[in-house]
Amino acid sequence: QAHAKVWHLYNDHFRPTQKGKVSIALSSHWIKPQRMTEKNIKECQKSLDFVLGWFAKPIFIDGDYPESMRSNLSSLLPEFSEVEKKYIKGTADFFALSFGATLSFQLLDSHMKFQQLESISLRQLLYWISSEYNNPQIFIVENSWFVSGSTKRDDAKYIYYLKKFIMETLKAIRYDGVNVFGYTVWSLLDGFEWHRGYSIRRGLFYVDFQSHDKKLMPKSSVLFYQKLIEKNGFPPLPENQPVEGIFPCGFAWGIVDNYIQVDTTPAQFLDSSVYVWDVHQTKKLIKVDGVFTSRRKRHCVDFAAIRLQISLLQEVHVTHFHFSLKWSLILPLGNLSLVNHTLVHYYQCFASELLRANITPVVALWQPMPENQELPVSLAKYGAWENPETVQAFVEYAKFCFMSLGGHVKFWITMNEPPVKNLTYTAGHNLLKAHAKAWHLYDKEFRGSQKGKISIALQADWVEPACPFSRNDQEVADRILEFDIGWLAEPIFGNGDYPQAMRAWLHRRNSVDLYNFHLPYFSEDEKKLIRGSFDFFALSHYTTTLVGWEKEDALKYDHYLEVQMINDITWLHSPSRAAVVPWGLRKLLKWVKSKYGDVPIYVMANGIDDDHNMVHDKLRVYYIENYINEALKAYTLDNVNLQGYFVYSFNDRTAPKYGLYSYVANQYEPKPSMKHYREIIDNNGFPGPETPELLCPEEIASCPECHFFRTRKSLLAFISFIFVAFIVTIFFITYYSKKVERRYK
């Protein structure tokens, strides 16, 4: 009633001359049902009625309280007379909303939730207000998040919640037709936050409450909000717009299956037994004892699993297929005393059949797995990569693979995605030496005859400073890149030693803390051995991470590296919460070029998980298209020497939720993303009307059997000479025989 009287006072006596408007500011939360049942939905409506509708319905609808309040509170709720209802109804020129400043985010009385779930969806609240109160003009007079009271000026968490709320406001305007005409951040500066006191901060300006003059200092959120106001929202950035263009001739379009389906079950044609078909009684085949046919030699066509996998790959139109061998199964004892020849033959057949289908096999010698790191048990049991003996064991294993499979495989990976997050410095040290020795072994003994190439594949997710205006956050991001990628990359692609930033950081940590992390040293001979042991730079990239230096969330803070992991809640995320950030791939490729020069680069794995219930596979379609387009930008705009791109993964059977093929009831079905990827491959990128035509020379189909003839040219020349001489001799014998016959006649 007081509000209504003031509104009428202004309306009758001041509005004609002052031309202003007046309203009441109401706080609200947003609530969602625990389960989508009619009862829970009604409870959510009741929650909003009790908090927001209590004041909003009398003013914006009919002058009376919500029906849900009347039925629940009965005599406790006062009655309005009909005159009062008419007097209160319509006493607002706009809907002034406060969201997040007082009521929301665990500040709402638990009884007001009616056993439902509180949410921070501003967009849904705006839509509900628009629908419930006849589409009023809405002015957001307070909206914010908060950070820890110990956070100083780099308030990344505040920035990304602010970004989320303003984005949701924009979506409500653009997509939902909500009439929002203003937005206000809460608050200008840090202050006393009621019952939370000084334990949290909400201000755009930092206040040092311990100082005498309480000096104000702008936070990173000030710069973010300032830029946002200047742009009046989130206009599309030119660098994030898709480009048209195509990749070079011979670009490797691939697909990954970390471990192919191995089924060495003998085909029925290899069974030498004789059977009789009992057509009258059992209707089954009965084996005839003591009778056998001649046993024929095993052929690759006997492996039905290979034919199926090859046919699926051919459907995608890929030129390369990347898979890993199982060291623990090929050499179960870790040495050549016991060899699984059946499995080796299977791999030989798989590689040769790939070549027959004109698909280049890309083979990794070792891919870490949770169980024993995918090492032979004897090696895993005695220290794994911590044990220097594993280095020589790997070299012997690599030599065996080069000898057994090198006739078919020309594209080798020594180690695929070494797990740097779970690798000790000693283990990484030995792993690098094992890779380098395997590379030099191939270079000296096999490259001349097999004509292949070999390198290591590193996992390389991009790391971005959480506060783009913060020098401290940039330093943290640079440090994480060195620890995550540079640790194994710098010795191989750089100067033969670990990054200087790693050594400096570890020295600092070991001197001031109880930590004692020793980063081993290479001898000069070892540096020469490791430096340059590559033919290309292979990397796996899946997502991008935000990092900051301000400790905000203890669960996501790395004390060892002094880094806070931050989540941009406006980013698209997969069901497993992996962020979809296509531009991160382009930044990564540019970073690799800037650090290691114009090295040939292959994106050896790039993919996202999905939900089995997502019929249209929209997330993966979006992911593949945009990540490949960013790779195209790196190639065309940044002159990155990009040679190939591989999607992860082949199918859901071997990599559940990541496959281009689903696997249900022993059947493979292509997902929409497979067909989309195939279209990109067929176009060799994203050609447009202005894209010049690229004339690529026809590739000669690979022929596994041709290796026999290519390596025996002298023999072929001799045989050809004998054949021609034989034909000429026969010709002359025939000619002179006929001539003699005519003479005697």
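**View A. Glu552 and Lys157 form a salt bridge, with the closest N and O atoms 4.0 Å apart.** A salt bridge is a side-chain nitrogen of Lys or Arg within 4 Å of a carboxyl oxygen of Asp or Glu. This is a predicted model, in which local features need pLDDT of at least 70 and side-chain atom pairs count only at pLDDT 80 or more, while totals for chains, interfaces and linings use all residues. Residues are numbered from 1 along each chain as its sequence is written, and side-chain values use heavy atoms, with hydrogens and water left out.

**View B. The interface of domain 1 and domain 2 is crossed by two salt bridges.** The domain assignment, which is automatic or from a database, divides the chain into domain 1 (1-235), domain 2 (249-686) and domain 3 (703-744). Taken over C-alpha atoms, the centres of domain 1 and domain 2 are 50 Å apart. Contact (heavy atoms within 4.5 Å) joins 20 residues of domain 1 to 18 residues of domain 2. The two domains bury about 1,400 Å² between them, and 63% of it is on carbon and sulfur atoms. Buried area here is the accessible area (1.4 Å probe) that two parts lose on being put together, summed over both. In domain 1, the residues that lose the most area to domain 2 are Asp154, Lys157 and Tyr160, which together account for 42% of what that side buries.

**View C. Nine residue pairs, both members at pLDDT 80 or more, are in polar contact between domain 1 and domain 2.** A polar contact is a pair of N or O atoms within 3.5 Å; within protein, one must be able to donate a hydrogen and the other to accept it, and residues adjacent in sequence count only if both atoms are side-chain atoms. On the side of domain 1 that touches domain 2, at least two residues each come from strand 6 (147-148), helix 7 (156-174) and helix 8 (220-231). Helix 7 gives the most to that side, with eight residues. Helices (H or I, at least four residues) and strands (E, at least two) are DSSP runs, numbered from the N terminus.

**View D. Helix 9 (residues 304-316) has a set of buried residues: Ala305, Ile306, Gln309, Ile310, Leu312, Leu313 and Val316.** Their directions from the helix axis to the C-beta atoms cover an arc of only 160°, which puts these residues on the same side of helix 9. Buried means under 20% relative accessible area, exposed over 50%, and partly exposed in between (1.4 Å probe, protein chains only). After helix 9 comes His317, which has a positive phi, near 70°.

**View E. Asp484 and Lys421 form a salt bridge, with the closest N and O atoms 3.1 Å apart.** Asp484 belongs to helix 16 (residues 471-493) and Lys421 to the loop between strand 17 (411-416) and helix 14 (425-445), so the pair ties together parts that are 63 residues apart in sequence. Asp484 is buried at 18% relative accessibility, whereas Lys421 is exposed, with a relative accessible area of 60%.

**View F. Glu630 and Lys633 form a salt bridge, with the closest N and O atoms 2.8 Å apart.** The two residues are three places apart in helix 20 (residues 618-636), so about one helical turn separates Glu630 from Lys633. Glu630 is buried, with a relative accessible area of 5%, and Lys633 is buried at 1%.

**View G. Arg202 and Glu193 form a salt bridge, with the closest N and O atoms 3.1 Å apart.** Both Arg202 and Glu193 are buried. A search of the whole structure gives 36 salt bridges. Elsewhere, a network of salt bridges links Asp64, Arg70, Glu79, Glu82 and Lys85.

**View H. The loop between strand 24 and strand 25 contains Ser574.** Ser574 is buried, with a relative accessible area of 2%. The side chain of Ser574 makes a polar contact with that of Asp609 (2.6 Å). Apart from neighbours within four places in sequence, Ser574 is in contact with Ile608, Asp609 and Leu619. Arg577 is found in the loop between strand 24 (572-573) and strand 25 (579-580). Arg577 is exposed, with a relative accessible area of 53%.
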